[in-house]
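Hi everyone, thanks for coming. Today I'd like to talk about disulfides, so let's bring the structure up.

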Amino acid sequence: MVMIKATWVSIFAIVAVLLVILAPATEAVTCSPMQLSPCAQAITSSSPPSALCCAKLKEQKPCLCGYMRNPSLRRFVSSPNARKVSNRCKLPIPRC
């Protein structure tokens, strides 16, 4: 009985190690609308987005649905200019 338990513990340990090794590495994104400040000029006017704006927009992509659900941010993220910025940065607007 002890040997069976030891075998199962060993199997679970091996599986856990394999999952850690084989799991794809993902970089955590800190969702902060302030990260999109380089896009403020492009979103509030008709000026084109900068390269930094596009980089930050792509970095914050996993957060965009959360921003769209936030009543105080929705008007900026869902505005026609925000859509133009997204298109110019070649970043499709997520379906939330």
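Let's start at Cys31: with a relative accessibility of 48%, this residue counts as partly exposed. On that scale, buried means under 20% relative accessible area, exposed means over 50%, and partly exposed is in between, using a 1.4 Å probe and protein chains only.

A quick word on the model: it is predicted, so local features need pLDDT of at least 70 and side-chain atom pairs count only at pLDDT 80 or more, while totals for chains, interfaces and linings use all residues. Residues are numbered from 1 along each chain as its sequence is written, and side-chain values use heavy atoms, leaving out hydrogens and water.

So what is Cys31 joined to? Its disulfide partner is Cys63, with an S to S distance of 2.0 Å; a disulfide here is a pair of cysteine sulfur atoms within 2.5 Å. Cys31 sits in the loop between helix 1 (2-22) and helix 2 (40-44), and Cys63 in the loop between helix 3 (51-59) and helix 4 (64-69), so this pair ties together parts 32 residues apart in sequence. Helices are DSSP runs of H or I with at least four residues, strands are runs of E with at least two, and both are numbered from the N terminus. Cys63 is buried, at 3% relative accessibility.

Next, Cys65 and Cys96 form a disulfide. The torsion about their S-S bond is about -85°, so this one is left-handed. Cys65 is in helix 4 and Cys96 in the segment after helix 6, 31 residues apart. Cys65 is buried at 17%, whereas Cys96 is exposed at 53%.

Altogether, the whole structure has four disulfides.
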